[in-house]
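Morning, everyone. I have one structure to walk through today. Please take a look at it on the screen.

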Amino acid sequence: MKTEINYSLEELLPIVEKLSIKYTRNESSSISYETAEQLMDAVCYCIMELDTRNRIDALEENAASRSGFDTKTSGAQGAARGIMTLEYPTAEEAYQRGYKAVTAKVEAALGVYEEIMQDFRDYGSLAYRDTIEKGMPAFFNFYDPLFAPQETILTLDYPTLKPLDAACGIDLLYDYLVAIREEQRFLAAFPEEMVREALRNYHFLGGELFINVMEAFMGEQ
Amino acid sequence: MNMAKGEDLMGNNSSNNNSRNMINQMVAISEKNQLTKILKQNELTAKFGLTLTEEQALEILQCRRMNLKEEQRIEFREGVIDKLIFAFCDSPYIYQANYAETIEALQELFYIYKNECYDEITDDELIEFMRVHFNGDCQGSIDFLEESCLDMLSRDIRSVMDDVTVDWRSKYEEEDI
């Protein structure tokens, strides 16, 4: 999903400046270009996170009111509320709210991950095991929503069945984990040995290849 | 400013020019109150027989801009000129005739070695290190300060950066930084 932010440089710079003070713990008056870029990217990421979130909220609200699921608001009221959530706050407000949205998404991603790990099965795929069991805890340890929310950190070697839309950061990780959760739910409906067998039949080195287990399983059926 | 999510701010596309302009604006914004602050330092430094004219202050600011550009750094706030002036104004090796040019040279060294030390050293620590050596073993020589002391400091910092068990500061504790 491609979104844009509509704030001028003059509005964004004070936020980057404040962030740079935090970054250097007020012990350095200057930062390198690379750090400035990283911090500017962090600010833009948070603002765009809010933008994306607002649009999704508004769309969901409108859809709910149209289909009659939302009994509290009529269609017109729902649409009005949707428009209200699309109003642009100041850059500082947008950043603060976007940052909260990012941290909330991290919490949500952690929830999804814990759900996956309750009954995670790698079906003999090394990439699957490494990405989920080793990579994800490292991600949650090192992910920095304040100074580098745009960093994905992981290479996500294990592919999902469908390519993910999200570009980077927690957006990508969240979508990835949701896709993995769905995959686990689907595969759990079948005997584990049947899936393992399908992976082996797909290729004799199936467990060592960077292939999607569900894709291999479906291909064998 | 329109930027696609995940797009590199200094990427290989047209955003490159925007980023350069952004950086130039950042530098320009931080220079707004600089001149007044530098000239105000004259009240303190006059006690040591040192003053800067407005022309000299402007030249120092111009050098700052150039140094920042060369070293690819951005300074949002007032910068370090007033800190340098405060730290070095009582140096026995600085007098009115070499005052402005020494501050310019020290400022240049400061930015170079902030980068060379990979930002592992704070502004105050670096200025204090420079002050102690400039007034001590360097005996007022900028070249010696750069080629021996600062060079050695940056090498020490870089060499222990990967080893978290070693604290480079411990080596310099005796030098009071």
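Start with a crossing in chain A: H4(A) passes H5(A) in a left-handed crossing. Keep in mind that this is a predicted model.

Where are these two helices? H4 covers residues 91-117 of chain A, and H5 covers residues 126-142 of chain A. They pack at an angle of about 155°. Their axes are 12 Å apart. An angle over 145 degrees counts as roughly antiparallel, so H4(A) is roughly antiparallel to H5(A).

Which residues meet there? From H4(A) we have A:Val106, A:Ala109, A:Leu110, A:Tyr113, A:Ile116 and A:Met117. Facing them from H5(A) are A:Ile132, A:Glu133, A:Met136, A:Pro137 and A:Phe140. By class, ten residues in this contact are nonpolar, one is charged and none is polar. A:Glu133 is among the residues from H5(A), and Glu counts as charged.

Now over to chain B. How many helices and strands does chain B have? Nine helices and one strand. Along the sequence, the order is α-α-α-α-β-α-α-α-α-α.

Next, burial. Chain B has 177 residues, and 46% of them are buried. Its accessible surface comes to about 9100 Å². Carbon and sulfur atoms account for 45% of that surface.

Last, contacts. Take the contacts in chain B with a separation of 6 or more. Of these, 63% are between residues 24 or more positions apart.

That's it from me.

Notes: Residues are numbered from 1 along each chain as its sequence is written. Chains are lettered from A and ligands numbered from 1 in the order in which they are written. This is a predicted model: local features need pLDDT of at least 70, side-chain atom pairs count only at pLDDT 80 or more; totals for chains, interfaces and linings use all residues. Side-chain values use heavy atoms; hydrogens and water are left out. Helices (H or I, at least four residues) and strands (E, at least two) are DSSP runs, numbered from the N terminus. Buried means under 20% relative accessible area, exposed over 50%, partly exposed in between (1.4 Å probe, protein chains only). Contact means heavy atoms within 4.5 Å. Accessible areas come from the Shrake-Rupley method with a 1.4 Å probe; for residues, only the protein chains shown count as cover. Axes are lines fitted to C-alpha atoms, for helices over the stretch in contact, and angles run from 0 to 180 degrees between N-to-C directions. Angles under 35 degrees count as roughly parallel, over 145 as roughly antiparallel, 65 to 115 as roughly perpendicular and the rest as oblique. A crossing is left-handed if the near helix is turned anticlockwise from the far one by less than a right angle, and right-handed if clockwise.
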